[in-house]
Amino acid sequence: MDKEIKTIGVLTSGGDAPGMNAAIRAVVRRAISKGKTVKGIQKGYQGLLNEEISDMEPRNVSDTIQRGGTILRTARCEEFKTLEGQKKGAEVCRKFGIDGLVIIGGDGSYRGAQALSKLGINTIGVPGTIDLDIACTDYTIGFDTAINTAMQAIDKIRDTSSSHERCSIVEVMGRNAGFIALWCGVSTGAEDILLPEKYQYNEQEIIDNIIANRKKGKTFHLIINAEGIGHSTSMARRIEAATGVETRATILGYMQRGGSPTCKDRFYASMMGSYAVDLLCEGKTNRVVGQKHGEWVDFDIDEALEMQKQISEYEYEVSRALSI
Ligand code: ADP
Ligand code: F6P
């Protein structure tokens, strides 16, 4: 080890996710239990550049494990995508004595971590996003809470859709990734699940499916549409015109990002936050934490960002088969 880490910074970046507070709590307490000093950085990389930094003690994270959102707040910061912004960020770290930094966020945030690492600040990424779209890990903090929140909302929509014998299109989050849509679609027994990775923009297939299902005796029709496909309201109008079946669209939106984290999210966040601190204490940098096949693992950020995550063909095929 070149130099022992004395002060660990922690920030949350990109979209918030339930469980981020549990991850912050883990970083703070694990680091302090190892004799380190911890500094919390507000509002992601923007707060780093603005020097919104303060000491964190174990009591600063009391009563937070059950809270949604992030007590450190989060932001998107265009300036940090420039070399100038990154150099400034590294300078601020040095000014505050931060020699190791835990970044809780998605793969955009990892690029910032990668840049800081190249500038001499030891960085570790922790996967925090409801989208599950980070390839180097089987799990990302926030996904379980988000899918359960969405599933409960969809169950309610299903009740009214069934009562009125309507078609319902429910739009769930996932701009580039269909994991939320797939899991919610399967779990709510949706007739159609539209994923950014799979959708062929063939609305006629959906229309044909609705008409065929009516003939088979199905009295209502549930479509889960991922945000990446979007246009749920206009899609509903076209489907109603083509099928004669009353069709309503509901966009679940940001409610999916909030709320008290599930046990799974609290547990994963607690382990991943702690593991990130352990890596820093071992002198590691430019790494991301993950879980693969039940093991806590870490990868080089450069390699992690090259990896691709696909929707499972088997899961997609099963989703089609179960909707007959
Ligand atoms: P997420 O981390 O959830 O994927 P974003 O993609 O919005 O969310 O990224 C969060 C922040 O990470 C950005 O606002 C920016 O500050 C930083 N970031 C994203 N891409 C880069 C990049 N190429 N270089 C440096 N920083 C980046
Ligand atoms: O990363 C989670 C996510 O909810 C995506 O599914 C969505 O596309 C994005 O965040 C929207 O974030 P915002 O509107 O805050 O930029």
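Author: A polar contact is a pair of N or O atoms within 3.5 Å; within protein, one atom must be able to donate a hydrogen and the other to accept it, and residues adjacent in sequence count only if both atoms are side-chain atoms. The side chain of aspartate 131 has an N or O atom 2.9 Å from an oxygen atom of ligand 2, and for the side chain of arginine 175 the corresponding distance is 3.2 Å. The protein covers 82% of the 400 Å² of accessible area that ligand 2 has on its own; such areas come from the Shrake-Rupley method with a 1.4 Å probe, and for residues only the protein chains shown count as cover.

Some conventions apply throughout. The model is predicted, so local features need pLDDT of at least 70 and side-chain atom pairs count only at pLDDT 80 or more, while totals for chains, interfaces and linings use all residues. Residues are numbered from 1 along each chain as its sequence is written, chains are lettered from A and ligands numbered from 1 in the order in which they are written, and side-chain values use heavy atoms, with hydrogens and water left out.

The residues around ligand 2, meaning those with a heavy atom within 4 Å of it, include Arg76, Thr129, Met173, Glu227 and Arg257. This shell divides into 3 nonpolar, 2 polar and 5 charged residues. Here Ala, Val, Leu, Ile, Met, Phe, Trp, Tyr, Cys and Pro count as nonpolar, Asp, Glu, Lys and Arg as charged, and the others, Gly among them, as polar. At least three residues of the shell come from each of domain 1 (7-142 + 261-306) and domain 2 (143-258), with bounds taken from an automatic or database domain assignment.

Ligand 1 is surrounded by 15 residues, and Arg76, Cys77, Gly106, Gly108 and Ser109 are the closest. Backbone atoms take part here: an N or O atom of the cysteine 77 backbone lies 2.7 Å from an oxygen atom of ligand 1, and a polar backbone atom of glycine 106 is 2.9 Å from an oxygen atom of ligand 1. For aspartate 107, the distance from a polar backbone atom to an oxygen atom of ligand 1 is 3.5 Å. Of the 550 Å² of accessible area that ligand 1 has on its own, the protein covers 79%. The shell around ligand 1 divides into 3 nonpolar, 8 polar and 4 charged residues.
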